[in-house]
Amino acid sequence: MSILIQGGTVVSTKGQRQLDVRIDGEKISAMGVNLPVDGANVVDAKGCYLFPGFIDTHTHLELNNGMTDTADNFTTGSIAAVAKGTTTVLDMATPDRGHSLQSCLDAWDAMAKGKSSCDYSYHMSLIEWQPGFVDEIKAMAAKGITSFKMYMAYDNLRASDADIYEAMKAIKAVHGMLGIHCENGDLVNALQKQYLDNGLNAPKYHPITRPNILEAEAVSRYLTIAALADLPVNIVHLSTKEALEVVRAARQRGQKVFVESCPQYFLLDDSLYALPGFEGAKYVCSPPLRQPADEAALWEGLEAGEIDTMGTDHCDFNYETQKPLGKDDFTKIPGGLPGVETRGELLYTAGVTSGRISPEQFVGVMAEHAAHQFGMYPQKGIVQTGSDADIVIWDPAEKNVISSQTQLQNCDYSAFEGFQTQGGPREVYLRGTKVAASGQIIKEKQGKFVARQASEYTFNK
Ligand SMILES: [Zn+2]
């Protein structure tokens with residue numbers, strides 16, 4: 001049965017236009033003004049935007065961090081994602097040390113396959129360098145996993161500069177895209193030890209021991225290595241004014257750099273760590289929430305088109321039962337926030353409803369740029385004939401209040417509790433199937449693995 005979505009305003013980075021959209025099977029089969037009904041199921045979308053299904057470039061939907069498992073898993077996290085418009089997630093597949101990339105891929109497939117309610121792929125993490133990874137990276141790319149993740153912080157995850165350089169050469173050979181968590185891990189360790197040695201163990205010391213300059217330094221070093229390897233690269237969850245300045249300078253020198261950030265760095269600040277008792281633990285994530293001056297710089301960067309993608313870094317742990325692992329030591333608080341559900345409503349409200357960015361810019365950072373950057377365009381990231389029918393019918397008048405009581409994320413708190421939103425998803429289509437309506441899932445477990453192409457930015461370079 002065909003579906004004809006009538007009267008909605010289709011938005012891409014290039015503009016917006018009121019167009020009917022016809023869906024046949026999993027694909028958009030036609031677009032135009034006053035398309036014939038021709039036996040289709042008609043959906044009235046007047047007054048609504050038709051956005052391409054959102055792509056979350058950064059999730060940890062199901063992860064054991066070495067101490068405990070995330071509150072969400074692929075089943076619950078993907079429901080929360082797709083119900084609010086995210087039809088594709090790029091999850092961080094993270095192997096154990098000494099293990100092959102293939103064994104990690106098998107583990108992630110076992111978690112996602114048949115369980116995910118949104119489409120998915122993975123950034124394959126390289127937490128060390130093994131010479132065998134040259135062939136393993138080729139094998140991953142052949143299977144449609146064309147992006148990779150590395151860390152400059154966390155002792156159990158971080159690679160040396162030389163390891164990063166070796167990885168870059170191998171990634172370049174397959175035209176892949178690398179993203180790195182940029183913080184100077186050695187100096188974070190030193191600062192954490194200094195504070196703990198002095199008996200300073202509360203959540204409020206989390207941001208103090210991960211200051212802005214440690215992100216900026218790591219970004220600078222990363223971009224130096226990337227220049228040496230001549231590889232366009234991505235910076236994940238960029239959070240500071242200083243790091244954005246480093247990016248700006250590199251771009252002025254002609255270096256190709258992509259920037260991802262997340263809603264929490266635009267909407268929350270580090271004063272939350274000083275909340276009474278242990279409540280600051282709710283906001284422990286790395287990089288930490290920053291200061292209002294950083295939020296202002298990120299907004300300016302977003303408005304100016306300096307930020308390419310918005311992910312969430314969704315990685316949630318319950319406040320009552322899991323965050324207390326760090327009750328007496330802030331460095332042991334499981335790090336991460338819930339967020340895969342709320343990205344669209346939050347960024348639309350604070351960005352588009354407020355008038356700071358246009359609907360076209362919103363679509364760029366929520367979907368279209370990611371599709372280009374991560375080898376999914378034009379299958380994903382755009383509403384056009386021939387593309388997957390991943391469509392969000394978005395009502396700009398829809399009002400909501402974010403609350404842990406009503407959220408679909410399987411977590412006992414929300415970092416955005418009480419936020420009032422304007423603009424929300426009325427219906428969500430995943431490859432032609434209506435999977436959500438009014439913010440609730442109506443058809444589960446429809447997600448499929450997305451085999452991705454080489455990144456067009458590294459391929460055409
Ligand atoms: Zn992350």
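This is a predicted model: local features need pLDDT of at least 70, side-chain atom pairs count only at pLDDT 80 or more; totals for chains, interfaces and linings use all residues.

Colleague: What's the strand order in the open sheet of eight strands?

Modeller: The order is β8-β9-β10-β11-β12-β13-β14-β15, and the pairing is parallel. The edge strands are β8 and β15, each pairing on one side only.

Colleague: And how many bridges hold β14 and β15 together?

Modeller: Two bridges, in the parallel sense. In one example, Ser261 has Met310 in β15 as its bridge partner. Helix α2 (residues 101–112) packs on the sheet too, touching β9 and β10. Its direction makes about 155° with that of β10.

Colleague: New topic. Which residues are the protein donors of the zinc ion?

Modeller: His58 (NE2), His60 (NE2) and Asp313 (OD), lying 2.0 to 2.1 Å from the zinc ion. His60 sits in the loop between β8 and α1, while Asp313 sits in the loop between β15 and α11, so that pair links parts of the chain 253 residues apart.

Colleague: Is His60 buried or exposed?

Modeller: Buried, because its relative accessible area is 7% and the cut-off for buried is under 20%. Asp313 is buried as well, at 10%.

Colleague: OK, salt bridges. How many does a search of the whole structure find?

Modeller: It finds 27. Take Arg431 and Asp119, whose closest N and O atoms are 2.7 Å apart. Arg431 is in the loop between β17 and β18 and Asp119 is in strand β10, so the pair ties together parts 312 residues apart in sequence. Both Arg431 and Asp119 are buried.

Colleague: Since you mention α10, what span should its twelve residues have?

Modeller: At 1.5 Å a residue, they should span 16 Å, and the end C-alpha atoms are 17 Å apart, so that agrees. Buried residues in α10 include Trp299 and Leu302.

Colleague: What follows α10?

Modeller: Gly305, whose phi is positive, near 80°.

Conventions
Residues are numbered from 1 along each chain as its sequence is written. Side-chain values use heavy atoms; hydrogens and water are left out. Donors are N, O and S atoms within 2.8 Å of the metal (3.2 Å for Na, K and Ca); water is not among the atoms, so sites may look incomplete. Helices (H or I, at least four residues) and strands (E, at least two) are DSSP runs, numbered from the N terminus. Buried means under 20% relative accessible area, exposed over 50%, partly exposed in between (1.4 Å probe, protein chains only). Two strands pair if DSSP finds at least two bridges between them. Contact means heavy atoms within 4.5 Å. Axes are lines fitted to C-alpha atoms, for helices over the stretch in contact, and angles run from 0 to 180 degrees between N-to-C directions. The expected span of a helix is 1.5 Å times one less than its number of residues. A salt bridge is a side-chain nitrogen of Lys or Arg within 4 Å of a carboxyl oxygen of Asp or Glu.
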